[in-house]
Amino acid sequence: AVVDGDADDEKYVSYEELTSEDVPTAEFRLTCPDKTGLGADICRVVFEFGLVVTRGDFTTDGVWALVLLTVRAGHAEVSDDLAGNDDGRGREE
């Protein structure tokens, strides 16, 4: 677990590797102050690393949030949109 010593002891990130899967899989548990868009922010980071969320749960009391994500390895390539490498050419539909 990663604990911020200057903040509440309830604020942490931990993970556990799940070895029963054919594909490398891990469960992440995040506890942090709640804010609007927190789930989207967390998932964006997960997707930027090329991971796929296979199971997720999010709960909040309005002040603190608990996020549980089971992720596995996904595509090796990260899209230009997610990587922030917008070359300004736009996309053809």
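**Figure 1. Surface and overall make-up of the chain.** The accessible surface of this predicted model comes to about 7,100 Å², and carbon and sulfur atoms account for 49% of that surface. Accessible areas here come from the Shrake-Rupley method with a 1.4 Å probe, and for residues only the protein chains shown count as cover. Of the 93 residues in the chain, 17% are buried; buried means under 20% relative accessible area, exposed means over 50%, and partly exposed lies in between (1.4 Å probe, protein chains only). As this is a predicted model, local features need pLDDT of at least 70 and side-chain atom pairs count only at pLDDT 80 or more, while totals for chains, interfaces and linings use all residues. Residues are numbered from 1 along each chain as its sequence is written, and side-chain values use heavy atoms, with hydrogens and water left out.

**Figure 2. The fold, element by element.** Two helices and five strands make up the secondary structure of the chain, in the order β-β-β-α-β-β-α along the sequence. Helices (H or I, at least four residues) and strands (E, at least two) are DSSP runs, numbered from the N terminus. Among contacts between residues at least 6 apart in sequence, 43% join residues at least 24 apart; a contact means heavy atoms within 4.5 Å.

**Figure 3. The largest nonpolar core.** Here you can find L30, C32, L38, I42, V46, A65, V67, L69 and V71, the nine residues of this core. At least two core residues come from each of β3 (25-33), α1 (38-48) and β5 (64-73), and β5 gives the most, with four. A nonpolar core is a set of buried Ala, Val, Leu, Ile, Met, Phe, Trp, Tyr and Cys residues joined through side-chain atoms within 4.5 Å. In soluble globular proteins, nonpolar side chains tend to be buried together.

**Figure 4. The surroundings of L69.** Setting aside neighbours within four places in sequence, L69 is in contact with A26, E27, F28, I42, V46, V53, R55 and G56.

**Figure 5. Two salt bridges.** The structure holds two of these pairs, each defined by a side-chain nitrogen of Lys or Arg within 4 Å of a carboxyl oxygen of Asp or Glu. K35 and D41 meet through their side chains at 2.8 Å, N to O; K35 is partly exposed at 48% relative accessible area, and D41 is partly exposed at 36%. In the other view, the closest N and O atoms of R44 and E48 are 3.4 Å apart. R44 and E48 both sit in helix α1, four residues apart, or about one turn of the helix.
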